[in-house]
Amino acid sequence: QVRPVESGGDLVQAGGSLRLSCATSVVRFSIFAMAWYRQAPGKQRELVASIISGGSAGYADSVKGRFTISRDNAKNTVYLQMNSLKPEDTAVYYCNALDQRFSWGQGTQVTVSS
């Protein structure tokens, strides 16, 4: 049972930056499209960014131009670079396969103060 491990969340001021990491034990990790999701209090989990095995990425409109997803297939790791953070980015961030086939990890808390 694959359960990603997210890290890198923190409390930052608006306008700041964070880099999240997601480590996995997936066999043949490179073939999977991976994604970052987030869940704010009282809201449903939403897709933030995704990246296919070849490296092409997609983003939610709310983070486009501010967030960058990347992957290191040799390390079975996915990253999310978050710049120009806003209070509305406050949430628990999770990673999973784009089709959500893996178990959900505990996530990492990102809190952006105004």
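**View 1. Leucine 18 and its contacts.** Leaving aside neighbours within four places in sequence, leucine 18 is in contact (heavy atoms within 4.5 Å) with Gly8, Asp10, Val12, Leu80, Gln81, Met82, Leu85 and Val110. This is a predicted model, in which local features need pLDDT of at least 70 and side-chain atom pairs count only at pLDDT 80 or more, while totals for chains, interfaces and linings use all residues. Residues are numbered from 1 along each chain as its sequence is written, and side-chain values use heavy atoms, with hydrogens and water left out.

**View 2. Where leucine 18 sits.** You will find leucine 18 in strand 3 (residues 18-23); strands (E, at least two residues) are DSSP runs numbered from the N terminus. Leucine 18 counts as buried because its relative accessibility is 10%, where buried means under 20% relative accessible area (1.4 Å probe, protein chains only). Arginine 3 is 15 residues away along the chain, and the two C-alpha atoms are separated by 22 Å.

View 3. Strand 4 (residues 34-39) has five of its six residues buried, so the rest of the structure largely encloses it. Strand 5 (residues 46-51) runs antiparallel to strand 4, joined by five bridges; two strands pair if DSSP finds at least two bridges between them. Look for tryptophan 36, whose bridge partner in strand 5 is alanine 49. Six residues lie between the two strands of this hairpin, and glycine 42 in the turn has a positive phi of about 75 degrees.

**View 4. Strand 4 beside strand 9.** Strand 9 (residues 91-97) is also antiparallel to strand 4, with six bridges joining them. Here arginine 38 stands opposite tyrosine 93 in strand 9.

Conventions: Helix = DSSP H or I, 4+ residues; strand = E, 2+ residues; numbered from the N terminus. Buried < 20%, exposed > 50% of the residue type's maximum accessible area, 1.4 Å probe, protein only.
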